[in-house]
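Here's a quick tour of the structure below. Keep the 3D view open and find each residue as it comes up.

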Amino acid sequence: MPDPDLSRRRLLQLAAAGLGAGWLPGAFGQDTHETNALITRRLPDGSELPAIGMGTWITFNVGSDPEARAGRTAVLRAFFEAGGALVDSSPMYGSSEAVLGHALSEIGGDPPLFAASKVWTPDEDATAEQVAQSERRWGLERMDLMQVHNLVAWEAHLAHLLEMREEGRLRFVGITTSHGRRHAEIESIMRDWPIDFVQASYSLGNREAERRLLPLAEERGIAFIANRPFQGGRLIDRVKRHPFPDWAREAGLANWADYLLKFLIAHPAVTCAIPATSRVDHMRENMTALRGPLPDKALRQRMVEHVRGL
Amino acid sequence: MDTWLSYRLADLLMFSPAIYARLFERLNDALWPGHVLLAGLTAAMLGLAALRAGSAHQLAAVMLAAAWIWVAWRFFGLYAEINLAAPWFAALFAGQAVALLTLTAIGPGLALGRPRRVRHWLGLGLATWGLALHPLAWWAAGRPLAGTELFAVAPDPTAIATLGLLLMADLPRRGRLPIRGILLVLPATWLLISALTWWALLTA
């Protein structure tokens, strides 16, 4: 039976974060008993964002398949129920944006969504058109964050997106890369352009971002989104073949997903990690990382060494 | 270019194996009970190709072209929802249909004789695989029967059976034009693309 006081407290937390007004997590039947507050990170405008988000690469590209669409709606509902907000997609992800739009309309209400998508076109004049396309597909009046995907025609798109931000047509602007590519170029954009977000691959199996991008993000006050936190599933599949270590459980980590994600969001420069899944049970596992104690520096080092030895 | 080369094939894959397999279930669901008609048309195409009348061979080639057009429209129309490259593949299938129709207009159509040479027997094996064994193999591999891949519905068995039929067919050279070689290019290209797709799906 949901505890109304806890639910109210939870709503107040989200409302304070500028995310949950009018939407009550747990309203879809999940038990809302909690022991810990959500782990959130401050954004460049001072608002707060839950530190675990959701990616949609592959997982939400299901086309018009009604059975698969219903499954993805359940995944998104579980995400919101667990306190998630940031959902990241791209026009490059096939039907993912349209499937998200369908899921959002099925869920209804006013979920605490932080909508992040991307501009991905070599046409330098198509920036506003792609933003409008994302708004249409998601069924939203305004996207929270638009990013230049994989630096495609980035100069023109970034200039247009920044103009749109100034006009209030977007909240935030960012750039993305993945698989550890083009970090030097990303770094130079982070230095020279007034962007709010940068997104790059960061996981326990790929810590390249720790060398330059994360320190620079921290220095410049740029929010950092860690994509591919499970390395496309390969990392979590690999660690799940081994027993979960007792010392990690004693440190407050619940499962391997919690382990891999908390390692990331414990980095002071990481704003949000965005694992992707097509399964509700995996979503719930992922979202355990949104609560509970974060590992300190020494524990993070132990986590690295343990995974390296597996 | 270096950036592109640093991706694994699986990194470029934008859908899951389960969703790819669902395409065939959905196509078969939509077609049923049209499978009975499809089986009849396939048998009729083979029968016409085996007759000794030129007009029958031409009709058989038109029916084979229709199979390619149908797959271009129905399968790739659905596949385009999850793969941005699907319209290019649809164009490849439409191109093969045009090539088969051209064969009807300028050549002998699809004329199947009694197998005599290695090429004929190889063709018979491929045609048998594409028309009958390919769907059974998927079923045996654990796909539900409703999700199996059929000639004239799914691209792989259509391409395999077409390769087989073209190897079996009597296709005399027209001057310096290697008609058979030209007609084999697009089905073989598709099978290469499909093999790479499956490689990526299985290694993702």
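In this predicted model, 24 residues of chain A are in contact (heavy atoms within 4.5 Å) with 17 residues of chain B. Together the two chains bury about 1600 Å² between them, with carbon and sulfur atoms giving 48% of that. Buried area here is the accessible area (1.4 Å probe) that two parts lose on being put together, summed over both.

A bit of housekeeping: residues are numbered from 1 along each chain as its sequence is written, and chains are lettered from A, with ligands numbered from 1, in the order in which they are written. Because this is a predicted model, local features need pLDDT of at least 70 and side-chain atom pairs count only at pLDDT 80 or more, while totals for chains, interfaces and linings use all residues; side-chain values use heavy atoms, leaving out hydrogens and water.

**Where the chains meet**

- On the chain A side of the area buried between chain A and chain B, Ile58(A), Asn61(A) and Arg181(A) lose the most area to chain B, together 33% of what that side buries.
- Two salt bridges turn up across the interface of chain A and chain B; the rule asks for a side-chain nitrogen of Lys or Arg within 4 Å of a carboxyl oxygen of Asp or Glu.
- Arg22(B) makes a salt bridge with Glu67(A), and their closest N and O atoms are 3.7 Å apart.

**How confident is the model?**

- The scores for the model are ipTM 0.88 and pTM 0.87.
- For chain B, the mean pLDDT (the predictor's confidence in each residue, from 0 to 100) is 91, and 96% of its residues reach 70 or more.
- Within chain B, confidence is lowest in helix 1 (residues 2-5), with a mean of 54, and highest in helix 7 (residues 155-168), at 97.

**Chain A as a whole**

- You'll find 12 helices and 10 strands in chain A; these are DSSP runs numbered from the N terminus, with helices being H or I of at least four residues and strands being E of at least two.
- Of the 310 residues in chain A, 58% are buried. Buried means under 20% relative accessible area, exposed means over 50%, and partly exposed is in between (1.4 Å probe, protein chains only).
- Take the contacts in chain A with a separation of 6 or more: 77% of them involve residues 24 or more positions apart.

**Salt bridges inside chain A**

- Over all chains, the whole structure has 21 salt bridges.
- Lys118(A) pairs with Asp88(A) in one of them, with the closest N and O atoms 2.6 Å apart. The pair links distant parts of the chain, as Lys118(A) sits in strand 5 (residues 114-119) and Asp88(A) in strand 4 (residues 86-88), 30 residues apart.
- Are these two partners buried or exposed? Lys118(A) is buried at 1% relative accessibility, and Asp88(A) is buried at 2%.
- Glu187(A) forms a salt bridge with Arg191(A) (3.3 Å, N to O). They are about one helical turn apart because they sit four residues from each other in helix 6 (residues 183-192) of chain A.
- Glu187(A) is buried, at 9%, whereas Arg191(A) is partly exposed, at 41%.
- Arg212(A) also forms a salt bridge with Glu187(A), with the closest N and O atoms 3.0 Å apart. Arg212(A) is in the loop between strand 8 (197-201) and helix 7 (213-220) of chain A and Glu187(A) is in helix 6, so the pair ties together parts 25 residues apart in sequence.

**Residues to click on**

- Thr271(A) is in the loop between helix 10 (256-265) and strand 10 (272-273) of chain A, and is buried at 5% relative accessibility. Beyond its neighbours within four places in sequence, its contacts include Arg41(A), Leu43(A) and Phe224(A).
- Arg136(A), in helix 4 (residues 127-138) of chain A, is exposed at 61%.
- Ile160(B) belongs to helix 7 of chain B and is buried at 13%. Leaving aside neighbours within four places in sequence, Ile160(B) is in contact with Leu126(B), Trp129(B), Gly130(B), His134(B) and Leu191(B).
- Leu192(B), by contrast, is exposed at 53% and lies in helix 8 (residues 179-203) of chain B.
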